[in-house]
Amino acid sequence: MTDLVRLEVEGGIGTIRLDRPPMNALNAEIQHGLVAACREAAERRDVAAVVVYGGEKVFAAGADIKEMETMSYTDMVDHSALLQDFTKALAGLPKPTVAAVTGYALGGGCEVALACDWRVAADDAKLGQPEITLGIIPGAGGTQRLARLVGPAKAKDLVFSGRFVDAQEALAIGLVDRVVPAAEVYATARGLVERYVGGPAYAVRAAKEAIDRGLEVDLETGLEIERTLFAGLFATRDRATGMRHFVDKGKGPAPFE
Ligand code: HXC
């Protein structure tokens, strides 16, 4: 365990809090901590959804360049698996996730945000993949998830140039979903996922898996994934509760567990 990443649970929402001032640079300790926090958030029944937050000033300015500077090729062959593990752990979290982006989300920090289902940004936030300026490329999924999110032309613009985009441009190209005043970022992000607390958790989990896995395969295979997950939900209490609530003409949302 590390103090640099904490899972704080309140009101059914888990906040994965990055806490390594001044820039939340992602060193190996914080990368391991992220994997552990994601695992804990996935397992805990009192966590329905997750907000990733770096505090009021900065989301994360990327991998720790000072740590990486002395690494050799063989060091990086070993370390690069971890770089992808922490964003994979986040992307694979079977619950809704949202990044609450203040200040900078650069390099690995932008890749953390990309691994969430949605991104809320402060109106003065800056996002980007500046790795090219260090003579490298994004290594925590940035070339893949950014291109899938904003399309190949925009992804190439950002990755080839390393330029930062401001919140308004990020919103226009679909890199973020909401832009709000900096002081409202965390509350807005929580608000986006609050609806999932006390909701049909297995159906949400199946929906996320169907969409994410489906995006990686041909339509026929995607439909097969959907079919299997759809049928599987008939084994859940949520499915029985939801349908019975409708048939009984229940008022308001169904009383899911
Ligand atoms: C290590 C970092 C850092 C980083 C900032 N710092 N970013 N240290 N790794 N990624 C440190 C600075 O060295 C400085 O330390 C302190 O934080 C404050 O930063 P300043 O540069 O003085 O602040 P400012 O002028 O406000 O500029 C902020 C900034 C800039 C625009 C965010 O720091 C910056 O460009 N950072 C690097 C961004 C980047 O290239 N990220 C990609 C990293 S590679 P001292 O000791 O001098 O006070 C990457 C690869 C991904 O992410 C691979 C998978 C994870």
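Me: Is Cys 38 buried or exposed?

Reply: The model is a predicted one, in which local features need pLDDT of at least 70 and side-chain atom pairs count only at pLDDT 80 or more, while totals for chains, interfaces and linings use all residues. Residues are numbered from 1 along each chain as its sequence is written, and side-chain values use heavy atoms, with hydrogens and water left out. Buried denotes under 20% relative accessible area, exposed over 50%, and partly exposed the range in between, with a 1.4 Å probe and protein chains only. Because its relative accessibility is 2%, Cys 38 counts as buried.

Me: How far away is the nearest cysteine sulfur to that of Cys 116?

Reply: A disulfide is a pair of cysteine sulfur atoms within 2.5 Å, and a search of the whole structure finds zero of them. Cys 116 is itself buried, with a relative accessible area of 5%. Its nearest cysteine sulfur belongs to Cys 38, at 8.3 Å.

Me: Which elements cover the buried residues of H1?

Reply: Helices (H or I, at least four residues) and strands (E, at least two) are DSSP runs numbered from the N terminus. The buried residues of H1 include Ile 30, Leu 34, Cys 38 and Ala 41; contact means heavy atoms within 4.5 Å. Their cover includes helix H3 (73-91), helix H4 (108-114), S1, S2 and S3.

Me: What distance does H1 reach from its first C-alpha to its last?

Reply: The expected span of a helix is 1.5 Å times one less than its number of residues. For the 16 residues of H1, 22 Å is expected, and the model is close to this, at 23 Å.

Me: Which residues does His 79 touch, leaving aside those up to four places away in sequence?

Reply: His 79 lies in helix H3. It counts as buried because its relative accessibility is 11%. Its contacts beyond that sequence range are Met 71, Gln 31 and Ala 28.

Me: Which residue of S2 is the bridge partner of Glu 10?

Reply: Two strands pair if DSSP finds at least two bridges between them. Strand S1 (residues 5-10) meets S2 through six bridges in the antiparallel sense, and the two form a hairpin with two residues between them, where Gly 11 in the turn has a positive phi of about 60 degrees. The partner of Glu 10 is Ile 13.

Me: Which residues of S2 (13-18) are buried on each side?

Reply: Strand S2 is mostly covered, with six of its six residues buried. One side carries Ile 13, Thr 15 and Arg 17, and the other carries Gly 14, Ile 16 and Leu 18.

Me: Which residue in S3 stands opposite Thr 15?

Reply: S2 and strand S3 (residues 49-53) run parallel and are joined by five bridges. Together with helix H1 (residues 28-43), they make a right-handed β-α-β unit; right-handed means that, with the strands pointing away from the viewer, the path from the first strand over the helix to the second runs clockwise. Opposite Thr 15 stands Val 51.

Me: What angle does the direction of H1 make with that of S1?

Reply: Six strands form an open sheet of mixed pairing, ordered S1-S2-S3-S4-S6-S9, and its edge strands are S1 and strand S9 (178-180). Axes are lines fitted to C-alpha atoms, for helices over the stretch in contact, and angles run from 0 to 180 degrees between N-to-C directions. H1 packs on the sheet, touching S1, S2 and S3, and its direction makes with that of S1 an angle of about 25 degrees.
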